[in-house]
Amino acid sequence: MQKNDTVEIDSLNGPIKILLVRPNYRIGNALIMSPIIETFRQRFPEAQIDLLTTDNTQTLFRHQRVDHLLTLSRDAITRPWRFPAMLRRLRKEKYDLAVQAGPSSLTGLIFARCIKSRYTMGKGKRGQHWFDIEVNGEQAHAYDIPQMFARALGTPCRDRPLMTLSNGERSIGRGELEELGIDFDDTGRATPFVALFVGGHLDKRLPLSFWQESIDALESAGQRYVVFVGPEELRHADTLEQRVSAGQYGALCRPRPLRTFAAMLHHARYMISPDSGPLHIGAALDVPVMALVQKRKSLKFVPRGPADIVLWQPEARQLLEAVIRPEQFQGRRTQEPPEPGTNSTMAGALASR
């Protein structure tokens with residue numbers, strides 16, 4: 001576990017072997033690091049670049065410029081004897097550089113430090129120096145991490161996640177939406193609609209009543225919409241479908257495979273969601289997102305592009321106002337939300353770049 005003397009990134013050149021380590025099982029956390037892949041590919045175009053991820057998130061990285069996808073199974077947590085087997089496999093590859101792409105991951109740190117690569121790279125915590133190539137910088141937002149790696153590499157980096165769809169996948173998404181009643185013109189452009197993702201983790205969720213009221217508000221304004229129900233919210237699907245069926249502008253979509261869902265979302269005018277993995281999928285597809293924020297901790301994770309919107313503890317009428325007049329909410333910047341319990345609208349909170 002002893003690290004070498006500090007080395008310069010310029011000492012690595014030519015057809016080297018690089019392992020990016022991000023074994024996180026949550027969709028959002030995995031996607032947040034995705035710009036790092038292209039950053040390393042630009043800096044080392046001749047390198048073999050492999051990615052260690054999980055079986056739950058590997059599909060996110062399909063069509064990206066990695067040579068090999070290596071996966072940890074989620075049950076490795078309950079079957080820790082699988083870790084040594086993976087470590088032995090990785091050691092045989094004799095990597096020149098192992099990169100811990102997620103600085104908060106203990107599992108990632110163990111793999112990056114224990115596969116006996118020539119060098120290691122990552123960001124230490126609290127002033128500690130754990131790597132041969134240290135990544136420096138202050139993190140105010142989750143999207144800052146790829147930017148720190150980009151600065152260390154001297155390479156540009158996009159300021160939102162990246163997910164790549166094939167033409168075939170886009171066609172599948174179109175077909176699924178047409179089944180739901182969304183029309184497409186001769187150029188392949190969908191009738192404008194907003195996508196509402198009913199989901200989220202624990203205290204990030206919004207109550208069922210909010211979604212029912214939002215459906216009513218969109219119907220009253222004649223706005224096209226599709227309600228996507230996550231697996232954990234499937235119990236609400238029948239209730240929401242009854243609400244949607246009572247109107248004429250919406251449709252409900254039950255859970256689909258992850259990439260099919262992404263291919264459908266690709267065609268949306270706006271992605272509306274609590275702080276969730278699908279919110280980052282929208283950002284990764286360059287779909288403008290409307291983040292429905294319940295907790296201050298979520299402000300460090302919401303996408304922060306010029307067309308993105310943040311609604312702080314919203315009501316249905318505020319959601320509708322942002323759908324109808326998004327330009328009034330785009331690009332706003334504030335450092336702190338109102339005190340808990342007050343309802344107001346914010347956009348791009350904590351959007352330092």
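**Aromatic rings**

I started with the cluster: F197, F228 and F261 come together as one aromatic cluster. Rings of Phe, Tyr and Trp (its six-membered ring) pair here if their centres lie within 6.5 Å; planes under 30 degrees apart make a pair stacked, over 60 edge-to-face, and the rest tilted.

Ground rules before going on: this is a predicted model, where local features need pLDDT of at least 70, side-chain atom pairs count only at pLDDT 80 or more, and totals for chains, interfaces and linings use all residues. Residues are numbered from 1 along each chain as its sequence is written, and side-chain values use heavy atoms, with hydrogens and water left out.

How many aromatic pairs does a search of the whole structure find? I got six. One of them is F40 with F44, a stacked pair at 6.4 Å centre to centre and 25° between the planes. I looked up burial too (buried is under 20% relative accessible area, exposed over 50%, partly exposed in between, with a 1.4 Å probe and protein chains only). F40 is buried at 0%, and F44 is buried at 3%.

Next I checked F228 and F261: the ring centres are 5.2 Å apart and the planes stand at 80°, so I logged the pair as edge-to-face. This pair links distant parts of the chain, with F228 in strand β8 (225-229) and F261 in helix α9 (258-265), 33 residues apart. Helices (H or I, at least four residues) and strands (E, at least two) are DSSP runs, numbered from the N terminus. F228 is buried at 3% relative accessible area, and F261 is buried at 9%.

**Charges over rings**

I count a charge as over a ring if NZ of Lys or CZ of Arg is within 6 Å of the ring centre and within 35 degrees of the ring normal. R43 puts its charged end over the ring of F44, 4.9 Å from the centre. K17 lies over the face of Y95, 5.6 Å from the ring centre.

**Backbone and surface**

Most residues other than glycine have a negative phi. Which way does phi go at K116, positive or negative? I read a positive value of about 60° for K116, in the loop between α4 (106-114) and β5 (119-122). K116 is exposed, at 64%. D286 also has a positive phi, about 65°, and lies in the loop between α10 (277-284) and β11 (289-293). D286 is partly exposed at 48%.

Last entry: K92 sits in helix α3 (82-93) and is exposed at 69%.
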